[in-house]
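Please open the structure in your viewer and keep the selection panel at hand. The stops below move from single side chains to a sheet and then to a helix.

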Amino acid sequence: MRIGVLGAGQLGRMLAISAYPLGHQMRFLALSEEDPSSLLGKTFVHDNNPEVIQKFSNDCDVVTYETENTDINIVNEISKTIEVYPGDLSLSLTQHRGREKTLLQKLNIPCAPFELVNNVSDLTRAINNIGLPAILKTTEDGYDGKGQFLIKSESQIDEAWEAMSGEESILEGFIDFKRELSLVAVRGTDGSLKYYPLAENSHHEGILRLTVAPAQEISESLQKKAESYMISLLTEIKHVGVLTLELFDSDDELIVNEIAPRVHNSGHWTIEGAQTSQFENHIRAITNSPLGDTSIKSQFNAMINIIGKYGPTNKVLETRNAHLHLYDKKERKNRKLGHITITSDSYEELQKSIDNLSDYLP
Ligand code: AMP
């Protein structure tokens, strides 16, 4: 099939890499010829030009998007003629923290207490209701911790609101979590579902740096609890493709922080670590094919992000159980340039390889 991707970043690139062995062709609706996917398929640089978008769409059999920041108008326009998976509902929900949390509440999936905030008096009221500490976040366009302010005392109210630059925001109660987990799952067009094991994620300054999968010390009931939240959500929104739940583990209570309607950085370990990677499973789902086995190939897996600078890549290549994935991007502060996956059948060996590559960790 001719698969179109709205966006041409590293996620589109990795989708392409897993689509080719299945005989598909790739098209990208890109912002520039230099985007990380642009050499992996036919690229349409659009500048919001409807004619280019139409040409792109005419050249595809099915379309997907690689980020929740995709313009929903483009999705709606293309959906008039061909299928866009996961679809506009998954996109519109995850583009707005308020809509996302309202849905979670409706489905009885635990999330932080929240209130929408449009001015200082809303914020004061929300703080009275939710208490402090709390986090103020813009409802839209926030990622990797951007557009967020941790409020510890009422004296910070004005400063916090100013940091939102007048944008609609959401105040969330601060969750005192033990660790951050994520669950990556995939749903097919026939409603079939598959899950990867829960992964544990470590962030630095809001950016994911290390994922260990499966997360250690996960009881079967915790995994099942996460899966049950996933079932309600995916079924409710009739999502097709991969979706990721970012979770806080707070004394064995799982609290959803965020939903990503797509393949996720915390699922990159599946490239070498699972029987079928998250990328291949997304491609399978949107091309109406049977979903692949999500079980792990090695008992212990890790993923380290390469942020800002390429660093000692030869060291990665020399590490027996490590795999290097670079996205063909220029070095820039805090930019995701690539990642490393590490696989092992012993936790000690995994840890040793992680330590060996500690240049890449903060
Ligand atoms: P987000 O952009 O919403 O994923 O937030 C980025 C990071 O901020 C998360 O990975 C958490 O480490 C932290 N964070 C976000 N929301 C909360 C919360 N309600 N309570 C505690 N920490 C949070």
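## Cysteines, sheet, helix

Begin by selecting Cys 111, which is buried at a relative accessible area of 17%, where buried means under 20% relative accessible area and exposed over 50%, with partly exposed in between (1.4 Å probe, protein chains only). This is a predicted model, in which local features need pLDDT of at least 70 and side-chain atom pairs count only at pLDDT 80 or more, while totals for chains, interfaces and linings use all residues. Residues are numbered from 1 along each chain as its sequence is written, and side-chain values use heavy atoms, leaving out hydrogens and water.

A search of the whole structure returns 0 disulfides, a disulfide being a pair of cysteine sulfur atoms within 2.5 Å.

Next, select strand β1 (residues 2-6), where 4 of the 5 residues are buried, so that the strand is largely enclosed by the rest of the structure. Helices (H or I, at least four residues) and strands (E, at least two) are DSSP runs numbered from the N terminus, and two strands pair if DSSP finds at least two bridges between them. Strand β1 runs parallel to β2 (residues 25-30), to which 5 bridges join it, and the partner of Val 5 in β2 is Phe 28. Strand β1 is also parallel to β4 (residues 62-65), through 4 bridges, with Leu 6 opposite Tyr 65.

Now widen the view to the open sheet, whose 4 strands follow the order β3-β2-β1-β4 with parallel pairing. At its edges stand β3 (42-45) and β4, each with a single partner strand, so one side of each is left without a neighbour in the sheet. If you select Ala 30, you will find Val 45 of β3 opposite, within a parallel pairing of β2 and β3 that spans 4 bridges.

Finally, move to helix α6 (residues 120-130) and colour its buried residues, which are Asp 122, Leu 123, Ala 126 and Ile 127. They cover an arc of only 135° around the axis, which puts them on the same side of α6; the arc is that of the directions from the helix axis to the C-beta atoms. Which exposed residues does the face turned away from the buried side of α6 carry? Select Ser 121, Asn 128 and Asn 129 to see them.
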